[in-house]
Amino acid sequence: MICDTARGRSVVRINQDDALVIVDPQNDFMPGGALAVPGGDEIFPILSPLIRSFPLVVASQDWHPANHISFKEQGGPWPPHCVQRTKGAEFHPDLDQSRLSIIVRKGFDARHEQYSCFDETSKLSGMLKGRGVSRIFVVGVATDYCVRYSVHGALEGGLGVFVLTDAVRGVDVKPGDSERALAEMKAAGAVLITSSELAFL
Ligand code: VGL
Ligand code: ZN
C-alpha cells in the first residue's frame, strides 16, 4: 500500500490507476425501497466528493427480470426488487451520475443469482485492467451481499481492493453479518479504510 503521512495520520494517495466502484446505489436498496438497507442513503454525502475526485468512476446496477430466481414467489430469499425499467431499479437521486464512466448491470438472467459485479459474465476486472486500473475502492450496498461478493470477485480478478467502511451499509439479516463480511474481505486480502484516509493530488 502506498501510504504517507500528512499531519501525523496515514493516508492512501489516490493516483491515475485507481477507480471508485459504487455497488448498487439504487432506490430499492434505500430507505422506503423494496429491499431497504438501513442507512443506505447515508453513503451519498460521503460519495459526492469521491465521485468528483477519482479518475474513473464505475457503478453497478442490480437489474432483475420480474420472475428472477431470488424473489420470494420463485422460492428465493428476497422480496421483488430492482426489476428492470422500474423506479426501484433506478439510481437514487442523491447519486451524482455526472462522472460515471462504466455502468455494469447484473442479475438479468432469471435463473441465476448474481451478487458480484466482478464475475465471469461482467468481465469488469479485465475491462478495468485493460484501462490501466490496478486498485479499486469499493463503496455501496449491501456490505453482506453484493459488496462482499464483488470484493471477492475483484480480488480473484487480480485487482487491489480497498473497502471504504464508512461508505458501505449492510442488510444484517442476522445481526453482525456485515461485520463478519468485512472481516472475511480483510482476510481475503482487501484493505479496510475510511474515506477520511484518502488523499487526492
Ligand atoms: C443485493 C440482495 C439481493 C445487493 C442484491 O445489492 O447487495 N442484495 N440483490
Ligand atoms: Zn438482487
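Which side chain makes a polar contact with the side chain of histidine 64? Hello everyone, let's start there. The partner is aspartate 62, and the two side chains come to 2.9 Å. Please keep in mind throughout that this is a predicted model.

So where is aspartate 62? Follow the chain into strand 4, which covers residues 56–62, and you will find it there. Is aspartate 62 buried or exposed? Aspartate 62 is buried, because its relative accessible area is 3% and the cut-off for buried is under 20%. Histidine 64 counts as buried too, at 0% relative accessibility.

Aspartate 62 has another polar partner: its side chain makes a polar contact with the side chain of lysine 106, at 2.9 Å. If we leave aside its neighbours within four places in sequence, aspartate 62 is in contact with a number of residues, including Asp24, Phe29, His81 and Cys82.

Now for the metal. Which residues coordinate the zinc ion, ligand 2? They are Asp62 through OD, His64 through NE2 and His81 through NE2, at 2.0 to 2.1 Å. Along the sequence, the donor residues are spaced D-x1-H-x16-H. The two histidines link distant parts of the chain: histidine 64 and histidine 81 are 17 residues apart, and each sits in the loop between strand 4 and strand 5, with strand 5 spanning 100–106. Histidine 81 counts as buried, at 3% relative accessibility.

Let's turn to ligand 1. Its surroundings include Asp24, Phe29, Leu35, Trp78 and Tyr145. A polar side-chain atom of aspartate 62 lies 3.0 Å from a nitrogen atom of ligand 1. For aspartate 24, a polar side-chain atom lies 2.6 Å from an oxygen atom of ligand 1. Cysteine 146 takes part through its backbone, with an N or O atom 2.9 Å from an oxygen atom of the ligand.

Aspartate 24 deserves a moment of its own. You will find it in the loop between strand 3, residues 18–23, and helix 1, residues 44–53. Aspartate 24 is buried, with a relative accessible area of 0%. Its phi is positive, near 50°, although it is not a glycine. For background, most residues other than glycine have a negative phi, and most peptide bonds are trans. Cysteine 82 also has a positive phi, near 50°. Cysteine 82 lies in the loop between strand 4 and strand 5, and at 0% relative accessibility it counts as buried.

There is a peptide bond to look at as well. Going from valine 141 to alanine 142, the bond is cis, with omega near -10°. Alanine 142 belongs to the loop between strand 6, residues 135–141, and helix 3.

Besides its contact with aspartate 62, lysine 106 has a polar contact of 2.8 Å with the side chain of aspartate 24. Not counting residues up to four places away in sequence, lysine 106 also touches others, among them Gln114, Tyr115 and Cys146.

Beyond its neighbours within four places in sequence, glutamate 90 is in contact with Pro25, Gln26, Asn27 and Gln61.

One last stop: helix 4, residues 177–187. Its buried residues are Asp177, Ser178, Ala181, Leu182 and Met185. After the helix comes glycine 189, with a positive phi near 120°.

How values were computed:
Residues are numbered from 1 along each chain as its sequence is written. Chains are lettered from A and ligands numbered from 1 in the order in which they are written. This is a predicted model: local features need pLDDT of at least 70, side-chain atom pairs count only at pLDDT 80 or more; totals for chains, interfaces and linings use all residues. Side-chain values use heavy atoms; hydrogens and water are left out. Buried means under 20% relative accessible area, exposed over 50%, partly exposed in between (1.4 Å probe, protein chains only). Helices (H or I, at least four residues) and strands (E, at least two) are DSSP runs, numbered from the N terminus. A polar contact is a pair of N or O atoms within 3.5 Å; within protein, one must be able to donate a hydrogen and the other to accept it, and residues adjacent in sequence count only if both atoms are side-chain atoms. Contact means heavy atoms within 4.5 Å. Donors are N, O and S atoms within 2.8 Å of the metal (3.2 Å for Na, K and Ca); water is not among the atoms, so sites may look incomplete. A residue is near a molecule or strand if one of its heavy atoms lies within 4 Å of it.
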